[in-house]
Amino acid sequence: MVNGEKIGFIGGGNMAEAFINGLLNAGARTENIRFFEPNHDRRQHIAETYGVQAADDNRELVEWAGAVVLAIKPQIVKEVLRPLHGIFTRDKLLISILAGVSTRTIEGLLGGEPRVVRAMPNTPALVDAAASAICRGSYVEEGDMEHAAGLFRSVGTVHEVAEDQMDAVTGLSGSGPAYVFTVIEALAAAGVQQGLRLDVAHELALQTVYGAAKLVKETGEHPALLREKVCSPGGTTIAAIRTLEERGLRASLMEAVAVATRRSEELGRE
Ligand SMILES: NC(=O)C1=CN([C@@H]2O[C@H](COP(=O)(O)OP(=O)(O)OC[C@H]3O[C@@H](n4cnc5c(N)ncnc54)[C@H](O)[C@@H]3O)[C@@H](O)[C@H]2O)C=CC1
Ligand SMILES: O=C(O)[C@@H]1CCC=N1
């Protein structure tokens, strides 16, 4: 983000917290970040943990900010944005991280020709390892995409995609951390079943997933090639891989991403 820019968060939930944390780690100043959050406990938690100021309401927040991150649940987008109709003047940029909700819907709710960027980050933003994608609204200005990309880069990686790909991004990387958490949990359970202590099994499962991802990232090698290097002829791994293929791990993941993509599309129609 531009140094010294005022960034406001509508909503102080999990994702807003991840970004506030990431921005501060990246050198943003506390006085340049504000948020509005109606839940008292969350408001207090964010204000006290990060030393950032809570606004009294969303209108006050938007009037103060240069860039606004919309971080509420998609189901309440209409009730939250309708009262803000007309106050998103051309000097403000709105970045929405809502699953499913199109830039066209948001632009319609805000009125006029608001500068809107739609984004889909994920929770590893909390540890500066988010995978995010962004797409442009109808009225963005030159520089807005790079500007928004800077926010997401401060907590991980970012790609620009066409808006018709955002639901697929949501199904893959937006929801994806939950799939991987399930894999870690299942591997640990499998280790326990084979007689390992839970703490040892959990640590082995976690480090294996972390190490495998790091190996793909740092070598740049295709995962299939890296997998071949683990599979000794007639050995343990190829026996396990055959079982995973027979039980449909690949098809299960493809179907999971398809279902999540469709759910994202539905959220946009609700
Ligand atoms: N949790 C995730 O992994 C991801 C979530 N998203 C999207 O981010 C958005 C936020 O998700 P979370 O942070 O997980 O949800 P959350 O439920 O933790 O946060 C939403 C916050 O908005 C607050 N809120 C309710 N009414 C409000 C109002 N009128 N004004 C301001 N704030 C209000 C709620 O009290 C709550 O703290 C959702 O639209 C979701 O689709 C995107 C990527 C990943
Ligand atoms: O589950 C959800 O709807 C949100 C969007 C992506 C991750 N969490």
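Let's start at helix α12, where the cover over the buried residues includes α7 (166–174). Helices here are DSSP runs of H or I with at least four residues, strands are E runs of at least two, and both are numbered from the N terminus. This is a predicted model, so local features need pLDDT of at least 70 and side-chain atom pairs count only at pLDDT 80 or more, while totals for chains, interfaces and linings use all residues. Residues are numbered from 1 along each chain as its sequence is written, and chains are lettered from A and ligands numbered from 1 in the order in which they are written.

Which residues of α12 are buried? They are Ala260, Thr261 and Ser264, where buried takes 20 or more other C-beta atoms within 10 Å of the residue's own, exposed takes 12 or fewer, partly exposed is in between, and C-beta atoms are placed from the backbone. Looking down the axis of α12, those buried residues sit within an arc of 100°, so they line one face of the helix; the arc is that of the directions from the helix axis to the C-beta atoms. On the other side of α12, the exposed residues are Ala251, Ser252, Glu255, Ala258, Val259, Arg262 and Arg269.

The length of α12 (residues 249–269) checks out too: 21 residues at 1.5 Å each should span 30 Å, and the end C-alpha atoms are 31 Å apart, which agrees. That expected span is 1.5 Å times one less than the number of residues.

Now for the annotated stretch. An unreviewed UniProt entry puts "domain: Pyrroline-5-carboxylate reductase dimerisation" on residues 163–267. Over residues 163–267 the chain is 84% helix and 0% strand, with end C-alpha atoms 15 Å apart.

On to ligand 1. Of the 27 residues around ligand 1, Gly11, Gly13, Asn14, Met15 and Ala99 come nearest, with a residue counted if its C-beta atom, placed from the backbone, lies within 6 Å. Helix α1 (residues 14–25) gives the most to this shell, 3 residues.

Asn58 is listed by UniProt, in an unreviewed entry, under "binding site". Asparagine 58 is placed in helix α3 (residues 58–64), and counts as buried because it has 23 C-beta neighbours inside 10 Å. Leaving aside neighbours within four places in sequence, asparagine 58 is in contact (C-beta atoms, placed from the backbone, within 7 Å) with Ile10, Phe36, Val80 and Leu84.

Stepping back, the chain has 12 helices and 8 strands, and buried residues make up 34% of its 270 residues.

Note on methods:
UniProt positions are given in the numbering used here, feature names are shortened, and annotations may be inferred rather than shown by experiment. Two residues are in contact if their C-beta atoms, placed from the backbone, lie within 7 Å.
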